[in-house]
Amino acid sequence: MQLKINNETHQVDAPDDMPLLWVLRDLLGKKGTKFGCGMGQCGACTVHINGQAMRSCITPVAVAQNAEITTIEGVDEKGNHPIQIAWRDNNVPQCGYCQSGQIMSALNLLQNNTTPSDEDINSAMSGNICRCGTYPRIKQAIKDAAKVMDKSKGAKS
């Protein structure tokens with residue numbers, strides 16, 4: 001089957017019911033997306049499929065066929081997206097394991113709402129678990145990125 005990942009087309013030989021996460025990590029070597037709980041409950045495996053944050057550990061690869069898939073590697077290869085800069089500026093990562101999923105969920109929020117309230121952030125990020133407890137820094141990073149993204153959105157219109 002054909003998958004479009006980070007604007008590149010890949011031909012993969014995988015059973016339709018194989019979780020997208022295993023295709024990304026094991027068949028294509030994209031290790032940025034992490035395996036967490038394997039039940040879609042921790043958010044470590046979050047990717048975007050057609051612009052929506054989805055848990056790749058419970059998403060059969062057939063669902064992603066002919067879709068636009070974005071992984072953490074596709075956000076900005078140099079790490080200069082406003083969300084990545086805000087993450088660094090706020091020293092968000094500790095162990096770092098959940099960070100790719102956290103960033104993908106945060107980015108999904110900010111792509112749909114560049115002025116999120118605390119409640120919006122809490123709701124959007126409620127499915128992402130950080131065992132290091134960096135939630136206050138995650139929230140601040142989202143707010144900082146939101147300001148930059150909202151300004152750039154205004155500059156384009």
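Trainee: Which residue in β2 does glutamine 2 stand opposite?

Mentor: Glutamine 2 stands opposite glutamine 11 in β2. This is a predicted model, where local features need pLDDT of at least 70, side-chain atom pairs count only at pLDDT 80 or more, and totals for chains, interfaces and linings use all residues. Residues are numbered from 1 along each chain as its sequence is written, and side-chain values use heavy atoms, leaving out hydrogens and water.

Trainee: In what sense do β1 and β2 pair?

Mentor: Strands are DSSP runs of E with at least two residues, helices runs of H or I with at least four, numbered from the N terminus. Two strands pair if DSSP finds at least two bridges between them. Here β1 (residues 2-5) and β2 (residues 8-11) are antiparallel, over 4 bridges. With β5 (residues 68-70), β1 pairs in the parallel sense over 2 bridges, and lysine 4 stands opposite glutamate 68 there.

Trainee: Which side chains of β1 are buried?

Mentor: In a regular strand the side chains alternate between the two faces of the sheet. In β1, Leu3 and Ile5 point to one face and are buried (under 20% relative accessible area, with exposed over 50% and partly exposed in between; 1.4 Å probe, protein chains only).

Trainee: Which residues touch the most other members of the largest nonpolar core?

Mentor: A nonpolar core is a set of buried Ala, Val, Leu, Ile, Met, Phe, Trp, Tyr and Cys residues joined through side-chain atoms within 4.5 Å. Among the 20 residues of this one, they are Ile83, Trp87, Leu110 and Ile142. The elements giving two or more residues to this core are α3 (82-89), α4 (99-112), α5 (118-125) and α6 (135-156).
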